[in-house]
Amino acid sequence: MSEERPALSHIDASGAANMVDVGDKAVTDRIAVAEGRVVMEAATLALIESGNAKKGDVIGTARLAGIMAAKRTHELIPLCHALLLSKVAVEIEPDAGLPGLKVRATVRTTGQTGVEMEALTAVSVACLTIYDMAKAVDRGMRIEAIRLVEKDGGRSGHWQAA
């Protein structure tokens with residue numbers, strides 16, 4: 001017995017990519033939370049935490065880059081809708097155990113489609129900004145584990161990663 005898998009929403013019957021029509025969907029409060037991390041040498045983390053990186057405030061700049069990226073997701077991902085975001089928060093925390101930085105983005109809107117892509121884009125660009133600002137001292141940094149951890153709103157309701 002095989003389970004029927006849901007169809008890809010951005011592919012039409014002929015297999016062509018298309019933008020999903022959300023016009024008939026209910027307007028609801030939507031939220032998405034994504035996370036990721038940048039693993040680096042302990043000395044690189046110490047340099048970032050000290051605020052003495054050559055390019056400046058790594059954490060503050062990455063936070064701002066993530067917020068800006070969330071707002072422009074529709075320009076980066078071809079079939080995303082342009083959304084009026086009511087909140088974008090990017091948190092970046094040092095973690096000596098990695099060693100590295102943990103990045104978490106929370107995005108909110110009230111609308112007809114979710115904000116998962118905006119949260120994932122915010123995390124991705126914040127991680128890339130961290131890499132860019134510290135690559136001169138640590139080219140071996142790794143961007144890892146970018147994923148959606150929670151979403152709420154819309155027809156599918158609440159979902160949380162295990």
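So, salt bridges: searching the whole structure turns up 8 of them, where a salt bridge is a side-chain nitrogen of Lys or Arg within 4 Å of a carboxyl oxygen of Asp or Glu. Keep in mind that this is a predicted model, so local features need pLDDT of at least 70 and side-chain atom pairs count only at pLDDT 80 or more, while totals for chains, interfaces and linings use all residues. Residues are numbered from 1 along each chain as its sequence is written, and side-chain values use heavy atoms, with hydrogens and water left out.

Let me start with E35 and R104. Their side chains form a salt bridge at 3.4 Å, N to O. E35 sits in strand β1 and R104 in strand β3, 69 residues apart, so to speak of the chain, these are distant parts being linked. Helices (H or I, at least four residues) and strands (E, at least two) are DSSP runs here, numbered from the N terminus. E35 is partly exposed at 23% relative accessibility, and R104 is partly exposed too, at 34%. On cut-offs: buried means under 20% relative accessible area, exposed over 50%, and partly exposed in between, with a 1.4 Å probe and protein chains only.

Next pair: R37 and E144, with 3.0 Å from N to O. R37 comes out partly exposed, at 30% relative accessibility.

Now the strands themselves. β1 (residues 28-39) runs antiparallel to β3 (residues 100-111), joined by 12 bridges; two strands pair if DSSP finds at least two bridges between them. T28, for instance, has G111 as its bridge partner in β3. β1 also pairs with β4 (residues 142-152), again antiparallel, over 8 bridges, and there V38 stands opposite I143.

K55 is in the loop between α1 (42-50) and α2 (58-71), D132 is in helix α4 (residues 116-134), and 77 residues separate them. K55 is partly exposed at 48%, and D132 at 34% is partly exposed as well.

Last stop, H81. Where is H81 found? In the loop between α3 (73-76) and β2 (85-95). H81 counts as buried because its relative accessibility is 18%. Leaving out residues up to four places away in sequence, H81 touches M19, V20, V22, H74, T113 and E118, with contact meaning heavy atoms within 4.5 Å.
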